[in-house]
Structures are given as structure tokens and as C-alpha cells.
Amino acid sequence: MSRVLSGVQPSGDVHLGNYLGAFRTWVSDQHRHEAFFCVVDLHALAQEHDPALLASRTLETATNLMAVGLDPSVCTLFVQSHVPEHPRLTWLLECTATFGELRRMTQFKEKGGENESVRAGLFTYPVLQAADILLYDAQRVPVGEDQRQHLELTRTLAIRFNHHYGETFVVPELAVPEVAARVMDLQEPARKMSKSLSSPLGTIGVLDPPEDIDHKVRRAVTDAGTAVVYEPLTKPGVSNLLELLAAANGGDPKELAPGYTSYSQLKRDVSEALVELLRPVRERHLELAADPGHVEAVLANGAAKASAVAGATLDRAMRAIGLLAPRGGFSV
Ligand code: AMP
Ligand code: TRP
């Protein structure tokens, strides 16, 4: 069975962009592949974070992943920092990547690459991500469109390592959904919906109650004119709503457009569709939140399963690059 790996940062509330861009694919992938999903808490350290909140956010993010439908009896769900192979492989890969490659990463540039006081970890962030993926021999990485460049770098590093040190890593493929690969902020449709940057009104949380979802959709910024057409460049607001409708109910955003004669009609249907889409997520979350010990047990089990796979890959990579193996191997 082929392997899948993906990750999410525990840096805030899980939103509709995460759900449609990534988690829905994770949920279907877990039945078709051997799947590993991690909460990437080490990545969260690359930007300003609140140490008093990080641990609880990590647990909450894992709880949300189970609420959206990850089933620990068929997939491996774990926390990145619980598996020490991740930072260990990162060093090897950092000595494979170049300064120029990392400097060109758009996420680094957007999040403060020009600023002298930016954390060095933000610069090397994509290398840690490459380690996350390569440790599991993942063939497939289901993510939103914003991760395309990071995946390209991962492929480059894997190919380079294999070339210099012998076949060690599987070269992974990106998997982005056909619709809603890039969900936009409802208030600023030129910007992607995100945990850190968006306005509260522009972001729909997966746990938002129905009245909040309805309020946010009704207040969504639409575009000049009154026609409902799918044209992301000239009509980003309306096009985003059409994508949300298509993602929630199925169908093609372009073909859905002619069925509407007004923005308010479209918003009503989008609101209903999203409320129904997220209803089971809220319900499952209520049950899971009542028993945090259960989620912690799932994570402990996940870390043990992940470590067994990651340890073997790390050992292979350390030997391939020429390090002296200790008795018993590198990953004991
Ligand atoms: P993050 O919250 O940045 O850790 O992202 C977790 C996953 O959600 C990644 O696969 C992202 O590509 C995806 N994602 C985040 N924001 C969006 C968005 N606005 N639209 C689609 N996918 C997204
Ligand atoms: N950088 C990704 C994001 O911000 C999160 C991530 C970390 C990830 N490691 C990963 C995604 C490995 C896929 C695979 O969304």
C-alpha cells in the first residue's frame, strides 16, 4: 500500500481552508493508503508563539483532526515533536539544501524574509517539512495549493540526496484538490483564508456555530456588478463563494454560476451548504473534547507507530551520508 503524509500547524483554530484544501483529502486517503498525519508543533516555533498556549493548541488541533474524520484505527496521527527523528533528519537535509533555494521560498519572503530579526527557523522551515515527508517514504502529500513550492523543494532535496549518497528517499508527489485548493478570505478575497492573517469575519472556523457561519457568508465581500459568474481574476469574491458551494455540494463552480440571478440567493445556498458540511464536525468535536485523555492516548500510540517507520529511514540516511553508525544503529 502506498504511503501518505501530511501536516498541520497548531498555531490557531482550524478553518474552512484547512478543511477543504487538505483535511477532507486526508479523511478519504486514510482508507486508501497507509496514512500518517502530524501536528507540526516544531514548525509553530518558527514564528512568534505563546508558550503558554502551544501545548493546549497542539492537543486541540489533534482533537479537531479526529473531529473532521481522521480515524486512528486506520491512520497514524501524531505530534511532530514526539518523534525525534524529524529534527535529526532535518540537519542532514539542511546540509543538502542551499541558501539560495531557501531564500527563494515565497512563504519565507511573505512572512518576513526582509526583516533582520526574523527567526532562522523560519528560513529553514521548509527543510523540516521535507524531513517530515521523507521520513515516511510518502509517495503522496495531500495539501492546499499554498504548499506547492515547499513540495517542489522536498522533491529536489530527495533527488539530490539520492544522487549524491545512493537511493535513500522516495520522491513524493503533491496532491491538491480540484476545487477549493485555495480558499480565500471572505472579507478580502484577494488573500487566502488563514489562521494568522485574516479578519475574524473573513475566516470560517470548522467549529463555528451555524449562526456564525451564516453571518459570515452573508457579510462576505462580493464584487462590482450583480452577475453571478465564475471569474476568479475579475470576480474573486463571487468566485470564492461558488468554489465553496461546489466543494460542499459537489459540482463545478463554473456550471453552478448560471443557476443564480443574485448574490443573496448564492449566499443563502452557500451558507446552508457549509452549515450542513460542518455540522457533523461540531458534533464529533463535542464528544472528543469531553475526553482529552482519549486523544492523548491516540497520540502516544501514533508517535510509537510513526517512530518505528521514521527510525528506519533515519538510520538509512545517516549511513548513506557517511556517518559512523553506533552499535545497534542510529535509531534506538
Ligand atoms: P496550515 O494551517 O498552514 O498548517 O495548513 C494546513 C493545511 O491546510 C495545508 O495543507 C494547507 O495547504 C491547507 N490550507 C491552509 N490554508 C488554506 C486555504 N486558505 N485554502 C486551501 N488550503 C489551505
Ligand atoms: N507547511 C505546512 C503548512 O503550513 C505544514 C506542514 C509541515 C506540512 N510539515 C508538512 C504539510 C509535511 C505537508 C507535509 O501548511
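Predicted model: local features only at pLDDT ≥ 70, side-chain atom pairs only at ≥ 80, totals over all residues.
Which helix gives the most to the shell around ligand 1?

Ligand 1 is surrounded by 18 residues, and the closest of them are G144, D146, V183, M193 and K195. The answer to the opening question is helix α1, made of residues 16-32, which gives four residues to this shell, the most of any contributor. If you sort the shell around ligand 1 by class, you find seven nonpolar, seven polar and four charged residues.

Now look at the polar atoms. A polar backbone atom of G17 sits 3.1 Å from a nitrogen atom of ligand 1. N18 takes part through its side chain instead, where a polar atom lies 3.0 Å from an oxygen atom of ligand 1. M193, one of the closest residues, uses its backbone: an N or O atom there is 2.8 Å from a nitrogen atom of the ligand. On its own, ligand 1 has 470 Å² of accessible area, and the protein covers 92% of that.

Ligand 2 comes next. There are 13 residues around ligand 2, and those that come nearest are Q9, Y125, Q129, D132 and Q147. By class, this shell holds six nonpolar, six polar and one charged residues.

Which element gives the most to the shell around ligand 2? That is α7, with four residues. Both α7 (120-134) and strand β1 (3-8) supply at least two residues each.

In Y125, a side-chain N or O atom is 2.7 Å from a nitrogen atom of ligand 2. For D132, the distance from a side-chain N or O atom to a nitrogen atom of ligand 2 is 2.6 Å. Q147 places a polar side-chain atom 3.1 Å from a nitrogen atom of ligand 2. Taken alone, ligand 2 exposes 370 Å², of which the protein buries 91%.

The crossing of α7 and α8 is right-handed.

Conventions. Residues numbered from 1 in each chain as written. Chains lettered and ligands numbered in written order. Heavy atoms only, no water. Near = heavy atom within 4 Å. Polar contact = N/O pair within 3.5 Å; in protein donor to acceptor, adjacent residues only side chain to side chain. Areas by Shrake-Rupley, 256 points an atom, 1.4 Å probe, with all protein chains shown as cover. Nonpolar A, V, L, I, M, F, W, Y, C, P; charged D, E, K, R; others polar. Left-handed = near helix turned anticlockwise from the far one by under 90°.
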